[in-house]
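Hi,

Here is the structure you asked about. Please open it first, then read my notes below.

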Amino acid sequence: MRDVLDRIGDKWSTLILGTLAEGPHRFSAVQRAIPDISKRMLTQTLRDLERDGLVARAVYPTKPPSVEYRLTPLGETILEPLAVLIRWADLSHAAIRTARSAFDEAI
């Protein structure tokens, strides 16, 4: 179970899954939606999510080939619990920043 939680709990996977919740995206569209992620990290994380069965990769025979990523039915099942976590993080963000500042000042 830990390996599954490690994948879902990493920051890039969460952001990618949230982006793909909007619908299928090409690689460049995912990268634009998550500007802090490097091309290498995006490639690796998409590959890991594909390996776990959460994301599907489709290659279309265009010139150059077009690649699109989408959530699988299994990947769609993570959206509801992920939405709860994202909502909590959004509501708690200011309080957590305040707590961090207070902690850092006390050190």
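**Salt bridges in the model**

Keep in mind that this is a predicted model. I went through its salt bridges. A search of the whole structure finds four of them. As background, side chains of opposite charge can pair when their charged atoms come close.

Start with R2 and D6. Their side chains meet in a salt bridge, at 3.9 Å from N to O. That falls inside the cut-off, because a salt bridge needs the nitrogen within 4 Å of the carboxyl oxygen. Both residues sit in helix 1, which covers residues 2–9. They are four residues apart there, so about one helical turn separates them. R2 counts as exposed, because its relative accessibility is 67%. D6 is partly exposed, with a relative accessible area of 45%.

Next, look at R7 and D48. Their closest N and O atoms are 3.5 Å apart, and the two form a salt bridge. This pair links distant parts of the chain. R7 is in helix 1, while D48 is in helix 4 (residues 39–51), 41 residues apart. Are these two buried or exposed? Both R7 and D48 are buried. They also belong to a network of salt bridges that links R7, D48 and D52.

Then find E68 and R70. They form a salt bridge too, with the closest N and O atoms 3.1 Å apart. E68 has 18% relative accessibility, so it counts as buried. R70 counts as partly exposed, because its relative accessibility is 32%.

Best wishes

Notes:
Residues numbered from 1 in each chain as written. Predicted model: local features only at pLDDT ≥ 70, side-chain atom pairs only at ≥ 80, totals over all residues. Heavy atoms only, no water. Helix = DSSP H or I, 4+ residues; strand = E, 2+ residues; numbered from the N terminus. Buried < 20%, exposed > 50% of the residue type's maximum accessible area, 1.4 Å probe, protein only.
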